Amino acid sequence: MNRKTGIMAGIFLAAASTFTFYFIGFPLLSQNDQTGNPFSNLAENPASVSSMQSDIDSCISNPTSDCDQEMQQIPKFCEQNKDQNISFCSDTRVRMYLDQRGITRPTINEGK
């Protein structure tokens, strides 16, 4: 029985090591043109503005809970990157969407 437990533990450790390398090690080692921060591609890139415009269009025409979350992130992203000229930051439809869905409500009593 002890030998069977050892074999199962070995198989488990081998599988865990394989998954760890595949999901963590492989993406870090396969960075082609990025020499700086390996996590720099995780932030939204202003070059993908056209995809953001199409996302906004699809969310306006067909609102979902995923759209709610995405549309909430747009003003936060724009606030953090206000020194850049990003076209979807000036899109008034985002604010209208958030207001119509009741996502952003004014704070009535902050206790100040």
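Buried here means under 20% relative accessible area, exposed means over 50%, and partly exposed lies in between (1.4 Å probe, protein chains only). Aspartate 91 sits in the loop between α3 and α4. If its neighbours within four places in sequence are left aside, aspartate 91 is in contact with Gln53 and Ile56, where contact means heavy atoms within 4.5 Å.

Before going further, a word on what you are looking at. This is a predicted model, in which local features need pLDDT of at least 70, side-chain atom pairs count only at pLDDT 80 or more, and totals for chains, interfaces and linings use all residues. Residues are numbered from 1 along each chain as its sequence is written, and side-chain values use heavy atoms, with hydrogens and water left out.

The protein averages a pLDDT of 76, and 70% of the residues score at least 70. Over residues 33-42 the pLDDT is below 50, and this stretch has five contacts in the model beyond near neighbours in sequence.

Now step back to the whole chain. The secondary structure comes to four helices and zero strands, so that reading from the N terminus gives α-α-α-α; helices (H or I, at least four residues) and strands (E, at least two) are DSSP runs, numbered from the N terminus. Of the 112 residues, 17% count as buried. Among contacts between residues at least 6 apart in sequence, 52% join residues at least 24 apart. The accessible surface comes to about 9100 Å², and 56% of this belongs to carbon and sulfur atoms. Such areas come from the Shrake-Rupley method with a 1.4 Å probe; for residues, only the protein chains shown count as cover.

Next, the cysteines. A disulfide is a pair of cysteine sulfur atoms within 2.5 Å, and by this rule the count comes to two. Counting bonded cysteines along the chain, the pattern is 1-2, 3-4. Cysteine 59 counts as buried at 2% relative accessibility, and cysteine 67 is buried at 9%.

The other disulfide is formed by cysteine 78 and cysteine 89, whose sulfur atoms are 2.0 Å apart. Cysteine 78 lies in helix α3 and cysteine 89 in the loop between α3 and α4, so the pair ties together parts that are 11 residues apart in sequence. This link is left-handed, with -90° about the S-S bond. Cysteine 78 is buried, with a relative accessible area of 12%, whereas cysteine 89 is partly exposed at 30%.

Finally, look for the rings. The structure holds one aromatic pair. The rings of phenylalanine 77 and phenylalanine 88 have centres 6.0 Å apart and planes at 25°, so the pair is stacked. Rings of Phe, Tyr and Trp (its six-membered ring) pair if their centres lie within 6.5 Å; planes under 30 degrees apart count as stacked, over 60 as edge-to-face and the rest as tilted. Phenylalanine 77 belongs to helix α3 (residues 65-80) and phenylalanine 88 to the loop between α3 and α4 (92-100), 11 residues apart. Both phenylalanine 77 and phenylalanine 88 are buried.

Technical notes: pLDDT = per-residue confidence, 0-100.
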